[in-house]
Amino acid sequence: MSHLLEVKNLKKTFLNKGQQVTAVDHISFFVNRGECLGLVGESGCGKSTTANMILRLTEADAGEISLCEGDPEEGAQEKNVLKLRGRDLKKYYQEIQMVFQTPQDSFDPRCTLGDGIMESMLNTGMSRIEAKSRMYELLEKVELAPELAKRYPHEVSGGQCQRAAIARALAVEPKLLICDEATSALDVTVQAQIVALLNKLKNETGVSILLICHDLALVQHMCDRVIVMYQGKIVEEGTPDEVIRHPKEDYTKLLIRSAVL
Ligand SMILES: Nc1ncnc2c1ncn2[C@@H]1O[C@H](COP(=O)(O)OP(=O)(O)O)[C@@H](O)[C@H]1O
Ligand SMILES: [Mg+2]
């Protein structure tokens, strides 16, 4: 397998009430093509800051992020993510997409879900007719009834809205989908359905997924590999089974004990 995204020595410090907080402390990891990588750790360990730096929503203090473009067999090119500007940055946002914790955050409350899903496709220059037909295809893919296209975000359940947010994210055929606690705000049964959906979409589309959560049990169902973060550092890395059965770090043992596996 070849790397799609590579993060090297990434660092971010915040000034919090006059004190320097190192949210992300020189972390390095990679995401392979077509794989689901879990990023787990307790609240405040730096997961979202990491995601936000990959998405260029938060500026990194130091380090490198590279996205590998094109077919690895035919001489793929590395994109220096932290240096992207203008049109190149816009293009990057088609290659990488995000699903947030609160599904409603992915949509403008004044627009219908259908328009919300179509928006990103129209931004790439796709015609309205094509975007519309693709929007209905996407609704079917995420197992939502076509009628939901006309509803507003507040008129559907959290699970339905998250399905629509996933459809919106996949609309531009990204290479990497970052899910930051995408199921944490949902009921347990709905959580399981969304995880099953993500799994299905991963297999169907080959999209790579960075699944950020604080729940090792969830990661076990879904991820090919997992990295564990603690106080801004990566303290463990392996397959979910390796990490759960043979945790090396005390912190991981605690995380396992608190999870319902
Ligand atoms: N914009 C910010 N300003 C100041 N401190 C922040 C900011 N964002 C995150 N932090 C701090 O950085 C640390 C990591 O936060 P975060 O990445 O959100 O953790 P997680 O997503 O793992 O819960 C925390 O101590 C948090 O308080
Ligand atoms: Mg977070």
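## Exercises on a predicted model

**Exercise 1. Work out which residues of helix H3 are buried, and what they pack against.**

Solution. This is a predicted model, so treat each value here as computed from it. Start with the burial list: in H3, Leu113, Gly114, Gly116, Ile117, Met118 and Met121 are buried. Look at the spacing next. An α-helix has 3.6 residues a turn, so residues three or four places apart point the same way. Now find the partners: the buried residues of H3 pack against H4 and H5. Finally, check what comes after the helix. Glycine 125 follows H3 and has a positive phi, near 95 degrees.

**Exercise 2. Check the length of helix H5 against its residue count, then say how covered the helix is.**

Solution. Take the length to begin with. H5 covers residues 158-170, and at 1.5 Å a residue its 13 residues should span 18 Å. The end C-alpha atoms are 18 Å apart, so the expectation and the model agree.

Then turn to burial. Eleven of the 13 residues are buried, so call H5 mostly covered, given that a buried residue has 20 or more other C-beta atoms within 10 Å of its own. Among the buried ones are Gln160, Arg163, Ile166 and Leu170. As for what surrounds them, the buried residues of H5 pack against E6, helix H3 (113-123), helix H4 (128-141), E7 and H6.

**Exercise 3. Trace the strand pairings that involve E7 and E8, and find the bridge partners.**

Solution. Go strand by strand.

- E6 (residues 96-99) pairs with E7 in the parallel sense, over four bridges. Glutamine 97 has leucine 177 as its bridge partner in E7.
- E7 and E8 (residues 208-213) run parallel and are joined by five bridges. In E8, leucine 177 is partnered by isoleucine 209, and aspartate 180 by isoleucine 212.
- E3 (residues 36-40) also runs parallel to E8, again with five bridges. Here leucine 39 stands opposite isoleucine 212.

**Exercise 4. Is strand E8 enclosed or open, and which way do its residues point?**

Solution. Count first: six of the six residues of E8 are buried, so the strand is largely enclosed by the rest of the structure. Now sort them by direction. In a regular strand the side chains alternate between the two faces of the sheet. In E8, Ser208, Leu210 and Ile212 point one way, and Ile209, Leu211 and Cys213 point the other way. Both sets are buried. For E7 (residues 176-180), the count is four buried residues out of five, which leaves that strand mostly covered.

**Exercise 5. Find the residues around ligand 1 and say which element gives the largest share.**

Solution. List the shell: Phe14, Asn16, Val21, Ala23, Gly41, Ser43, Gly44, Cys45, Gly46, Lys47, Ser48 and Thr49. Elements giving two or more residues to it are strand E1 (3-16), strand E2 (19-32) and helix H1 (47-54). The largest share, three residues, comes from H1.

**Exercise 6. Describe the setting of two non-glycine residues with positive phi, lysine 17 and histidine 26.**

Solution. Lysine 17 has phi near 50 degrees and is found in the loop between E1 and E2. With 5 other C-beta atoms within 10 Å, lysine 17 is exposed. Histidine 26 has phi near 55 degrees, but this residue lies in strand E2. Its 14 C-beta neighbours inside 10 Å make histidine 26 partly exposed.

**Exercise 7. Compare the radius of gyration of the chain with that of a compact globule.**

Solution. For 261 residues, a compact globule would have a radius of gyration near 18 Å. The chain has 18 Å, so the two agree. For context, the C-alpha atoms fill a box of roughly 55 × 45 × 40 Å along the principal axes, and buried residues make up 38% of the chain. Last, look at the contacts between residues at least 6 apart in sequence: 66% of them join residues at least 24 apart.

Definitions and conventions. Residues are numbered from 1 along each chain as its sequence is written. Chains are lettered from A and ligands numbered from 1 in the order in which they are written. This is a predicted model: local features need pLDDT of at least 70, side-chain atom pairs count only at pLDDT 80 or more; totals for chains, interfaces and linings use all residues. A residue is buried if 20 or more other C-beta atoms lie within 10 Å of its own, exposed if 12 or fewer, and partly exposed in between; C-beta atoms are placed from the backbone. Two strands pair if DSSP finds at least two bridges between them. The radius of gyration is taken over C-alpha atoms; the globule rule is 2.2 Å times the number of residues to the power 0.38. Two residues are in contact if their C-beta atoms, placed from the backbone, lie within 7 Å. The expected span of a helix is 1.5 Å times one less than its number of residues. A residue is near a molecule or strand if its C-beta atom, placed from the backbone, lies within 6 Å of it.
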